Amino acid sequence: MAASTLTIEDYREVAPKGAVDFLLRLAERARGRRFLHVNSTRVGGGVAEILSRLVPIMGDLGIKTAWEVIEGDPEFFAMTKALHNALQGTEQAFTETMLNHYLEVNQANAQRLRPAGDLVLIHDPQPAAMIEARPPEGKWVWRCHIDLSTPQRRAWAFLRRHVLRYNAAVFSLPAFAQQLPLPQFLVYPSIDPLAEKNRRMTKGEIAKILANLQIPDDKPILLQVSRFDRFKDPIGVINAYQMVKRDHDVRLVLAGGGAADDPEGAQVLAEVREAAGRDPDVYVLDLPSNAHLQINALQRSATIVIQKSTREGFGLTVAEAMWKGKPVIGGATGGITVQILYGVTGYTVNSVEGAAYRIAIC
Amino acid sequence: MDHDEQDEQPLHGLYNTLRVMAQPAPFVFFGCIELRELLGLRARDERELMEQLERAPLGAVYYHTHSVFLRHYQVTGAYPNDFANWVASQVRDQVLGERLAVVDPFAFGSLESLRDELVSIIDHHIATLHPVPRVVFGDPFFFVQSHVIEVPTGLEARTLGEFRQCLAEVDASSIYFHALESKVRRGHPRGDFADWIGQAHGRESLGEEIARINPYLGGLEEIRVRMLRLLDAALGGEARRGGR
């Protein structure tokens, strides 16, 4: 079902009892107000995926909701990727030129978009400095989807001075927050059960997609779905698979897509392909960002879903796999730990060896 | 209009007025959402946990004890409050975890007295321990404050049958709001459901049975199921034919 054809009423089939009626009532309080989301990409990655579903639903609930995306050149996105990595704890080098360019691009986007609303929600660090051009009316809230628990000090100091100008900040986990003299709130991200990536599929649909992807279904499938990013530890997954493979005839599928704001993806993908070597049971799939149905089919055909991240914002692929009833082996980091009920819906692990052990006995 | 009709009209009006006055006030179902505020307070050992608990706003005591039920509609087997879970799973102090787990937050008349009890348990426990147990590999405890916002659901009931119908279809947060939140923050020790059924309908024993439902046996959905069973029994199977 395409996003544009969905209404809030369609969610009655999957929502808990009374939840849709409750949402309709709740929305009456905000009806007619203007709500603006701003982020850095319309496709690829968890934020774009959430917004592509959330914005139409909010509109359906009677809230005047808009979604704007900032524009930038490759230098800007290289800088914001470095900033993203630094804020998640990896040492990065920033020159004055890089920092100034970040501010210039934010300023240019603020002039182009003229962001305004009763509530403006700015997602993640890329557009955070647009706050400098805020109009006097409306509340501005910074929505941080990433793990800020141990940031590189200089990177956080640079960003923090902009964050301080917001009315409030929202984080995905308490551990991700920083000391800030403004109200901070906790909101867990979520998946859309009616999205192409999560909707029910017939066995025939799944088989057809696997055949198109040229993945045989004659062996148990271990699957990790994530963009090709070092924090997702795809090489660690290959190493764990190789340990499991000694005793179990399994197949590994690493399925990822690029995001428009992630220039490092191609390099990591090349490293993953090299690590996979010529093993005929390892499939590295570089899928387009709109391959939602393929991801759905892969998750439904997997025996075990892996999300062996070493750093993770929240890890919505865990929720996606659990929605499909799959056991999940996840890295003990970020939101993965609050999603997996240890020993019930899967296991969290801290090493390649731990992942291999849990896969083998799962 | 003849003479008789003129005499009867005021009497008829009075009768209707008295009949309406005699009817119990409707039960208006409210749901709720929880706004979770991060307080920036954290603890890495059991002494810090105690000290931060002493100075945290009462909304944090509420968040980490009562509103667990709002976040997990079904109890999944873990300890029923965040303090016990953290001590057991992150500090790996099973003894204190068990001692904190058995504290029933609904048995206290105020959040302040609940806080005193929790602090007293931790204080007594660490008094004999050197060093104080702390997190080595796990995560710190992060204090979060709860702000519960009530939202009318649009559902209301005048009879027990209507009440049963509404209860069967209402959002689970409404069960939390009327069965649990009302005990703690609105001074209704038996909960709104039990009060209304007992007082408005004179079904005191049914109200008592509803008040005694233990939320720890299965969370909000279990409260709903048990209440529906009690109501069905009270209604003699009438509701079962028309509803869930």
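## Domain contact in chain A

In this predicted model, 19 residues of domain 1 of chain A are in contact with 20 residues of domain 2 of chain A. On the domain 1 side, helix 3 (residues 74–87) of chain A provides the largest share, 5 residues. The residues of that side, sorted by class, are 6 nonpolar, 11 polar and 2 charged.

The domain assignment places domain 1 of chain A at 3–186 and domain 2 at 203–361. Between the C-alpha centres of these two domains the distance is 27 Å.

## Domain contact in chain B

For chain B, the domain assignment gives domain 1 as 32–145 and domain 2 as 155–242. The centres of the two domains, taken over C-alpha atoms, are separated by 29 Å. Contact between them involves 13 residues of domain 1 of chain B and 14 residues of domain 2 of chain B.

On the domain 1 side of this contact, strand 1 (27–43) and helix 4 (68–71) of chain B each contribute at least two residues. The class composition of that side is 10 nonpolar, 3 polar and no charged residues.

## Contact between the chains

Between the chains, 19 residues of chain A are in contact with 20 residues of chain B. On the chain A side, the elements giving two or more residues are helix 1 (19–28) and strand 6 (184–186) of chain A. Helix 1 of chain A accounts for the largest share of that side, with 5 residues. By class, the chain A side comprises 13 nonpolar, 3 polar and 3 charged residues.

In soluble globular proteins, nonpolar side chains tend to be buried together. The largest nonpolar core of this model holds 93 residues, and the members that touch the most others are A:Ile122, A:Cys144, A:Phe171 and B:Tyr176. Another core, of 40 residues, lies apart from it and includes A:Leu223, A:Phe228, A:Val305 and A:Phe314.

When residues up to four places away in sequence are not counted, A:Phe171 touches A:Cys144, A:Phe176, A:Ala177, A:Gln184, A:Leu186 and B:Leu38. A:Cys144, one of these partners, is itself named among the core members that touch the most others.

## Helix packing in chain B

The axes of helix 9 (residues 172–185) and helix 12 (residues 219–234) of chain B come within 9 Å and cross at roughly 80°. Helix 9 of chain B and helix 12 of chain B are therefore roughly perpendicular to each other.

Helix 9 of chain B makes this contact through B:Ala172, B:Ile175, B:Tyr176 and B:Ala179, while helix 12 of chain B uses B:Leu220, B:Glu221, B:Ile223 and B:Arg224. The contact has 6 nonpolar, no polar and 2 charged residues. B:Tyr176 belongs both to this helix contact and to the largest nonpolar core.

A:Asp217 is located in the loop between helix 6 (203–212) and strand 7 (221–225) of chain A. The residue has 12 other C-beta atoms within 10 Å and is therefore exposed, since a residue with 12 or fewer such atoms counts as exposed.

With neighbours within four places in sequence left aside, A:Asp217 is in contact with A:Leu210 and A:Ser301. A:Arg34 lies 183 residues from A:Asp217 in sequence, and the C-alpha atoms of these two residues are 49 Å apart in space.

Conventions. Residues are numbered from 1 along each chain as its sequence is written. Chains are lettered from A and ligands numbered from 1 in the order in which they are written. This is a predicted model: local features need pLDDT of at least 70, side-chain atom pairs count only at pLDDT 80 or more; totals for chains, interfaces and linings use all residues. A nonpolar core is a set of buried Ala, Val, Leu, Ile, Met, Phe, Trp, Tyr and Cys residues joined through C-beta atoms within 7 Å. A residue is buried if 20 or more other C-beta atoms lie within 10 Å of its own, exposed if 12 or fewer, and partly exposed in between; C-beta atoms are placed from the backbone. Two residues are in contact if their C-beta atoms, placed from the backbone, lie within 7 Å. Domain bounds come from an automatic or database domain assignment. Helices (H or I, at least four residues) and strands (E, at least two) are DSSP runs, numbered from the N terminus. Ala, Val, Leu, Ile, Met, Phe, Trp, Tyr, Cys and Pro count as nonpolar, Asp, Glu, Lys and Arg as charged, and the others, Gly among them, as polar. Axes are lines fitted to C-alpha atoms, for helices over the stretch in contact, and angles run from 0 to 180 degrees between N-to-C directions. Angles under 35 degrees count as roughly parallel, over 145 as roughly antiparallel, 65 to 115 as roughly perpendicular and the rest as oblique.
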